Amino acid sequence: MSWNEETAALLKRGDPAGELPSDLERRVAARLDARHPSRVDLRWVVAVVSLAAFGVFGANVVRRVLAPTPETFAPVTVPSNDGLSPRAPAKPASSLAEEAGLLQRAMSAIDRGDGRSALAACDEYSRRFPAGELKVELQVARLRALVLEGDDVHALEALAGLPHFAKTTALTILQAQALGRLGRCAEFRQVVGELEQPALAGTCTEK
Amino acid sequence: MDAAHSDSLDARARAGGVTFESVYRGYLTQVSRWAARLGSPWVDPEDITHDLFLKLRDHWSELPTDVNLDAYLFRMTANLVTSRRRVEKFRRWFRLPADAGRQVASTAQAVDEALEAKATRALVAAALDTLSDKDRRVLVLFELEGHSGQEVARLTGTRLETVWVQLHRARKRFSEAISRQGRRPS
């Protein structure tokens, strides 16, 4: 098959451009109008968002670079506490049960009238738990044990070391009794006055 | 048309050149014809036309004022078609049997004029689709567009002697393709 007029005519009859849609111009124009502005806007949006993101990222980087790091400071030397004021030793783990056990032992001894055992339990508590959770309760137990042992001087000292909230009426009576036994009548009368028991004021004999 | 590029268009107009608007109006039909003739049944001329003028508008301000618009737009169209045909060929390789386009021509029966015209267009399209891009361009410009050899050389940017060689080869291959389709020119 060679090229001839018939082939040329066939080509013209079958011209692919012969079936172009009549509204092609309108359709292309509509697509151009619809697409181009959005492309322009999208470019600006992408550019602005990218710049903003880069700015934030850059600011973070600069801030991190300029921010002082721990390595830029001289190491802090913590002075040793050896030979200085006593430092409260750390409480052993789950010590509350043991503290309560020792306190219970002291109170039981007091209830039995065994001041010595009570004091032994208090001493053990103070040795093992110098900053224990039940320290105030132990001070009261020691005070009562000292009274039982007849050591009014140390009992009064222990009473003076109690926080105000722990000074109950019962302890104040103990205080008054100890002061009376010691013949410190001025203090005795003052404490009795606080107890609003003026009848007791004449029972003290100065020593 | 929107006025998004009015500044660049105005600048070009002030420089003594034509405006994008006038080029668009003047070449829209021509470009769509080129797209249809250089393309294939799988290439939509509307898409090519749209893409061409979109690209032209984007780069209008960069276009030299003394550019040969005929040749420039024809080559733009040809390049777009070539690119689109390559993509479509790749898609067809995945989606359709290789002779899917030819089946339309071979099975269509010319029972009336409309069907006959449709069958002829499908036959020609299938035959054109077998040509290389260069052969197809020369054949379209010379046989369908009616350009002279010199004009084809100017539009395609090739030497006149090359145009004649390409045209001879394109005619031969087109005829062979028609023969292979089992259809004879009537």
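**Entry 1: what counts as a pocket.** Before looking up any volume, I noted that a pocket is an open set of grid points with protein on both sides within 12 Å along at least five of seven lines. Its volume is the space filled by probe spheres set on those points. I also reminded myself that this is a predicted model.

**Entry 2: the largest pocket.** I looked up the volume of the largest pocket and found about 420 Å³. Which residues lie nearest its centre? I found Pro16(A) and Glu19(A) from one chain, with Ser40(B), Pro41(B) and Ala125(B) from the other, in a lining of 20 residues.

Next I asked which helices of chain B each supply at least two residues of this lining. They are α2 (20-38), α5 (100-107) and α6 (113-129). The largest share comes from α6(B), which gives four residues. I sorted the lining by class too: twelve residues are nonpolar, three are polar and five are charged.

**Entry 3: the second largest pocket.** This one has a volume of about 270 Å³. Its lining has 14 residues, and the closest to the centre are Leu159(A), Lys167(A), Gln175(A), Val191(A) and Glu194(A). In chain A, α6 (152-160), α7 (169-182) and α8 (185-194) each supply at least two lining residues. By class I noted six nonpolar, four polar and four charged residues.

**Entry 4: where the chains meet.** The size of an interface is often given as the accessible area lost when the parts come together. The contact takes 29 residues from chain A and 37 residues from chain B.

How many salt bridges are there between chain A and chain B? I found four. I looked up a salt bridge between Arg37(B) and Asp15(A), whose side chains meet at 2.3 Å, N to O.

Then I turned to the side of chain A that touches chain B, where α1 (5-13) and α2 (24-66) of chain A are the elements giving two or more residues. The most comes from α2(A), with 13 residues. By class, this side of chain A has 13 nonpolar, four polar and twelve charged residues.

Terms used: Residues numbered from 1 in each chain as written. Chains lettered and ligands numbered in written order. Predicted model: local features only at pLDDT ≥ 70, side-chain atom pairs only at ≥ 80, totals over all residues. Heavy atoms only, no water. 1 Å grid on protein atoms, 1.4 Å probe; cavity = no way out; pocket = protein on both sides within 12 Å on 5 of 7 lines; lining within 4 Å. Nonpolar A, V, L, I, M, F, W, Y, C, P; charged D, E, K, R; others polar. Contact = heavy atoms within 4.5 Å.
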